[in-house]
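Colleague: Hey, I've got a new model open on my screen. Can you walk me through it?
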Amino acid sequence: VLPSLAKLISIRKDDCMGDSSEQCIDSAASMQFLLRKLLESLSRHKKMTFFFDDLQWADPASLLLIASMISNTKESIIFFACCYRDDDIQEGDPFTLWLSSIISNTKEITQRLEIMSMRGISAEGVNDFVSETLHLSPRITRPLASVLHNKTRGNPLFLRQLFESLRDQGYIYFNWTRWKWDLNKIMDMELSDDVLALLIRGMQRLHPDLQLAMKVASCIGSCVKHSTFAILSQDLKVNLRDLLSRVVQKGYVIDVDETRIRFAHDKIQQAAYEMMPEIQRLKNHMRFGLAICSHALKGGTENDELFFLAVNQINRGGHNILVDPNQKVMVAALNLKAGKRSVELSDFSTALKLFEHGISFLDNEQRWTTNYGISLDLCNAAVDTACALNDAAAVRRLSEQVIANAANSDDKLNCLYAVVKSLRLAFKFIDSKKVAFTILQELGEMMPRP
């Protein structure tokens, strides 16, 4: 979650390499405790503020860590500002459940929790924007501002993009001494309610090379390092950094610092992404993932950040994009490795997804014949992780695959043991005993029944 703090808050690999799921859970709790203590220590010298943006897209591990920080950090030491978009969440999704738990856990200390709703720019605010942009009196720009406010509902990004689009199309123009506009044409202009449609139309007017750079960046993420672009530039045979510097001038992306760029708005990233047909997106993810992975594992040294980025890109491409069986087995092995590393980092939700992605890359017909070893390793790792997450349905589903296809009893033991643990964690003690006695009986051990 916070890679730069790894040297200060270290979780020993041995903590998660045992047979007990409880060991891994204790490791995650230890990381949360250590981070809270680190923040308390730092804040003794100066009060701190944390700003978390777009939390509706945060992964479960990050949400769990943030909840721990908010709920357990001492009062008046640290100020947390958490932003999310209510139009990007749905009832029952992980973020909604997380937010409900935060609210319920802080009911006794409601003076510490304040929920604020941000609205669009008012009609007067839009008029101020138009007036200052065109260097005209607010009295003159008010009719134009009223139309723009009605069409954009005060959405700042929508307003800016619409304003630039009207200028590019000649509806707003400079006539000798001042800016003028054709109000009737602007009023009659058909405009999608979705800002994405407007953004895509604007991007389609860019030079094809600039469009390519934005498409590549949109596949990688909202914020991308220049070092990543350098890797992909070699694969694509173009200078992506130079192209993106020209995109910066257009206002679509921003230079954060000397090492990375980010999209000016997540809707801009989404629009660039949706300029590509779905099959092209999948192919790009796979191609970029393989290129980055090759670089991340080069020379025997591993870069965790690059490695996880590469595996994520490959998984977003999906198993249907690959046709070479050897490549599929290689990708399955990469997911196994990434999943084990995630377990070491106490990110069990991500680990389970990685193990299941690895399984999906193995052909159903050859999974338990040609690829028996890696299939067994992936399923065993996935079962252990599901057990740590107390996901009984996943434990049962994955264990059934192993039990049905294992070559011998010894290969079934790990999954059978996980089933027993899962039942015990669900407080189904009688069922847990029955399964345990059945396993012992199959192994030739005669145990007295209670």
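This is a predicted model: local features need pLDDT of at least 70, side-chain atom pairs count only at pLDDT 80 or more; totals for chains, interfaces and linings use all residues.

Colleague: Let's do strands. Which way do strand 1 and strand 2 pair, parallel or antiparallel?
Modeller: Parallel, over 5 bridges, with strand 2 covering residues 78–82. Thr49 stands opposite Phe79 in strand 2.

Colleague: Which residues of strand 1 are on the covered face?
Modeller: Met48, Phe50 and Phe52, while Thr49 and Phe51 make up the uncovered face. In a regular strand the side chains alternate between the two faces of the sheet.

Colleague: What about strand 3 and strand 4?
Modeller: Those pair in the antiparallel sense over 4 bridges; strand 3 is residues 172–175 and strand 4 is residues 178–181. Asn175 has Arg178 in strand 4 as its bridge partner. The hairpin has 2 residues between the strands, and Trp176 takes a positive phi near 65 degrees there.

Colleague: Why point out a positive phi?
Modeller: Because most residues other than glycine have a negative phi. Asn390 is another case, with a positive phi of about 60 degrees. Asn390 sits in the loop between helix 17 (372–388) and helix 18 (392–405). Asp54 also has a positive phi, about 55 degrees, and lies in the loop between strand 1 and helix 2 (60–72).

Colleague: New topic: how many salt bridges are there?
Modeller: A search of the whole structure finds 12 salt bridges. Asp54 comes up again here, linked with Arg85 and Asp266 in a network of salt bridges.

Colleague: Which residue does Arg341 pair with?
Modeller: Asp304, with the closest N and O atoms 2.8 Å apart. Arg341 is in helix 15 (residues 325–344) and Asp304 in helix 14 (residues 304–317), so the pair ties together parts 37 residues apart in sequence.

Colleague: Why does Arg341 count as partly exposed rather than buried?
Modeller: Because its relative accessibility is 22%, and buried means under 20%. Asp304 is partly exposed too, at 27%.

Notes
Residues are numbered from 1 along each chain as its sequence is written. Side-chain values use heavy atoms; hydrogens and water are left out. Two strands pair if DSSP finds at least two bridges between them. Buried means under 20% relative accessible area, exposed over 50%, partly exposed in between (1.4 Å probe, protein chains only). A salt bridge is a side-chain nitrogen of Lys or Arg within 4 Å of a carboxyl oxygen of Asp or Glu.
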